[in-house]
2 protein chains.
Amino acid sequence: MSRTADMPAQQAQLSHAVWNVLAEQGIERLTIRAVAAAAGCTTGLVMHRFPNRRALLLHARQLLHERTRERAENLEAEASTARAALRAVLAQGMALDDRTAAESVVWVGFLAAAVGDDELTGLHRTNNKSWRERITRLVESVEPNWPRERVTTTAYALIAMVEGAAAFGSTDPAAYPPATQQAMLDATLAAFGLIRPATSAT
Amino acid sequence: MSRTADMPAQQAQLSHAVWNVLAEQGIERLTIRAVAAAAGCTTGLVMHRFPNRRALLLHARQLLHERTRERAENLEAEASTARAALRAVLAQGMALDDRTAAESVVWVGFLAAAVGDDELTGLHRTNNKSWRERITRLVESVEPNWPRERVTTTAYALIAMVEGAAAFGSTDPAAYPPATQQAMLDATLAAFGLIRPATSAT
DNA sequence: CTCCTCCCATAACATCTGTTACGGTAACAG
DNA sequence: CTGTTACCGTAACAGATGTTATGGGAGGAG
């Protein structure tokens, strides 16, 4: 065997290129050639690492989920209280800086690409389910005495609010600057009684 | 002049075909030929009514906004109280039936298509602004004594929650059935003090 | 009835897209 | 140093896509 060729690493790099194209040019320009150009290679390498375009997209989608999950777990582990963990994990889902804004654009792109694609749709549902379970668990740890239904409904509402804020924030950063998004999150958490009225900072 | 050819009507019909393709096949299959097939005509008519593909998309996007605005205004006019108006207008933004679910898919599709397209992005921002103003006005009419910032932050949070719920509901109806979405809306409105705790019905 | 206008289907065209096939070349074995 | 292996760049190919050009035919004007 020759020494080059770190297949997983190259797959990750190509997936990263997929994100870049998706974030900067949109799903309509998401072509094999555009990905290769973004990765600084040729279509030959792309097709050598993935059997076809869909496999490339599926891998990139999966990797996006892994990254998000990893980051959420780190934030959760570092948080000092359950409330802080809930807020931090939700906040990382919004478009508060260039990276998370790009991730939101990519996420919306994959959501749009999932229409009519059973595999991508399935991936979305699986990932969303684990996301729901995480937030539900965090809400429950903040309010252990709430009835189950109140916990889940609150968690679902928080998830929807965050996702909507991320989509708006990434598409119209002037109307939804980071401070506004954080105010939305804090106001919602406060309304549900999950933090004390006035809060700020990241 | 010959008698056939109702240009605006045909444009509307073609825009409707754009929605259908976008909802059923996704943005990646949104081609002139697919639109023509969905409209039951040939590409000749499509290119005869619109100078190019982008103009077709822009018109379909605009028309979607008009429809939504019209429906919101009707609901608002028919509502007996400000609270009812707020809830009804927000509820029609969620994926509660086949039509609104399809609209949500279409909306996400346009959002994804707006990446890297200044004109579509501008349209989104304009439409979203008028949507923000509508919800802000409704919140203010429910709670006229709230300070301005509280009104806007609450309105923004509601908007984001509804949009997120619609996206989730249309992509994973099993996990977010209509009853769940309505529970999310009612719980959020109740949390913000905009309706009395327990409510149901459309 | 005859022409004439203009609506739109048909088909052609250049370009782009996913995918496949081929071949050069770099790295290791001996 | 030479042969071998497999990585991957190059290029070809079929099909799809946006767009343009051509022509048939249906309705009004005279």
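Chain B can be superposed on chain A with an RMSD of 0.0 Å, using a turn of 180 degrees and a shift of 0.0 Å along the axis. That is how a two-fold axis relates two copies. The model is a predicted one.

**Symmetry**
- The same surface serves both copies, as 100% of the contact residues of chain B recur in chain A.
- B:M161 is the residue of chain B that comes closest to the rotation axis, with its C-alpha at 1.8 Å.

**Contact between the chains**
- On the chain B side, 43 residues are in contact with 43 residues of chain A.
- Four helices of chain B give two or more residues each to this side: α6 (98-113), α7 (118-142), α8 (148-171) and α9 (178-191).
- The most comes from α8(B), which gives 13 residues.
- Sorted by class, the side of chain B that touches chain A holds 22 nonpolar, 13 polar and eight charged residues.

**Residue B:I27**
- B:I27 sits in the loop of chain B between α1 (7-24) and α2 (32-39).
- B:I27 counts as buried because 24 other C-beta atoms lie within 10 Å, and the cut-off for buried is 20 or more.
- Leaving aside residues up to four places away in sequence, B:I27 touches A:I27, A:E28 and A:A112 in chain A, and B:L22, B:G109, B:A112 and B:A113 in chain B.
- B:I27 and B:V106 are 79 residues apart in sequence, while their C-alpha atoms are 8.7 Å apart in space.

Terms used
Residues are numbered from 1 along each chain as its sequence is written. Chains are lettered from A and ligands numbered from 1 in the order in which they are written. This is a predicted model: local features need pLDDT of at least 70, side-chain atom pairs count only at pLDDT 80 or more; totals for chains, interfaces and linings use all residues. A residue is buried if 20 or more other C-beta atoms lie within 10 Å of its own, exposed if 12 or fewer, and partly exposed in between; C-beta atoms are placed from the backbone. Two residues are in contact if their C-beta atoms, placed from the backbone, lie within 7 Å. Copies are superposed by least squares on the C-alpha atoms of residues with pLDDT of at least 70 in both. Ala, Val, Leu, Ile, Met, Phe, Trp, Tyr, Cys and Pro count as nonpolar, Asp, Glu, Lys and Arg as charged, and the others, Gly among them, as polar.
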